[in-house]
Amino acid sequence: LITLGSPHEGAADAYVAWEGGQYPSGWQGPIRYRVNQIEKALFETRNQPNLRRPESFRSFFPSLRDMLPINDFVSQDGDPLVITELTEQNQFLKNLHDTISTIVNKGVKLFTIAGTSVKTLGEVNVTAERTYEDEQLNRWRDGHPNPETPPLDSDVGDARVLTASAHVGKHNYTIPGAVHHKLPDKAQDKVFEILGL
């Protein structure tokens, strides 16, 4: 099993979209355009024109919850929040993470390839306060972010996924400067090498 930048332990930018209903700093033009188009089409087909973000993201893109990190990545007023204290838990990745060791123990060789040396969101800092608008829109339930748009704060990732989240097990490879969407191209020689081709 070979994975390329798979967020085995989640990706913090999913939290920004899920909790805040806003585009994370790492989501560039093409991703934003696609999400806007899908959201617009779903507003029309589901007849929910008044649904506002983040509820529209939660309704139309439920897989964002399956991308939430499973490690401690939120700090509130400078103190780390334990993952179990957050409003939303990612049971999908927790279960998958536990299953991976079972798969490996059954003889499946797992190889992970990750990008690194690219600015990536690793931690979200929030305050204990929420604005009136936060409460009305049911957003930032764990606290309002500070700064407003969480910045890309780590150099150990691929612009979407931290290297540590993409690496699992013993056979881990990194490709410096490889951004997430370019990993299939940048990693092809390593994949061929792993496959003995």
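How much space lies in the largest cavity? About 50 Å³, as view D shows. First, some housekeeping: this is a predicted model, where local features need pLDDT of at least 70, side-chain atom pairs count only at pLDDT 80 or more, and totals for chains, interfaces and linings use all residues. Residues are numbered from 1 along each chain as its sequence is written, and side-chain values use heavy atoms, with hydrogens and water left out.

**View A. An open sheet of three strands, in the order β1-β4-β6, with parallel pairing.** Strands here are DSSP runs (E, at least two residues), as are helices (H or I, at least four residues), numbered from the N terminus; two strands pair if DSSP finds at least two bridges between them. β1 (2-4) and β6 (171-176) sit at the edges with a single partner strand each, so one side of each has no neighbour in the sheet. Direction ignored, neighbouring strands are turned by 20° against each other on average; the axes are lines fitted to C-alpha atoms, and angles run from 0 to 180 degrees between N-to-C directions. β1 pairs with β4 (residues 111-116) over three bridges, and I2 stands opposite F111 in β4. On the other flank, β4 and β6 pair over six bridges, with I113 opposite Y173 in β6.

**View B. Strand β4, covered on both faces.** Six of the six residues of β4 are buried, so the strand is largely enclosed by the rest of the structure. Buried means under 20% relative accessible area, with exposed over 50% and partly exposed in between (1.4 Å probe, protein chains only). Look for F111, I113 and G115 on one side, and T112, A114 and T116 on the other.

**View C. The largest nonpolar core, with 24 residues.** Such a core is a set of buried Ala, Val, Leu, Ile, Met, Phe, Trp, Tyr and Cys residues joined through side-chain atoms within 4.5 Å. Y15, F57, L64, F73, V74 and V124 touch the most other members. Two or more residues each come from α1, α2, α3 (55-60) and β5 (124-126), and α1 gives the most, with six.

**View D. The two cavities of 30 Å³ or more found in the whole structure.** On a 1 Å grid over the protein atoms alone, a cavity is a set of points where a 1.4 Å probe fits but cannot get out, while a pocket is an open set with protein on both sides within 12 Å along at least five of seven lines; lining residues have an atom within 4 Å of a point. Grid points are joined across faces, edges and corners, and a volume is the space filled by probe spheres set on the points. Y15, L68, F73 and D142 are among the residues lining the largest cavity.

**View E. The largest pocket, with a volume of about 310 Å³.** Of its 14 lining residues, W27, I31, V35, L64 and R160 lie nearest the centre. α1 (12-20) and α2 (29-46) each give two or more residues to the lining, and α2 gives the most, with four.

**View F. The second largest pocket, with about 230 Å³ of space.** Its lining includes G26, Q28, P30, I31, R160, H180 and H181.
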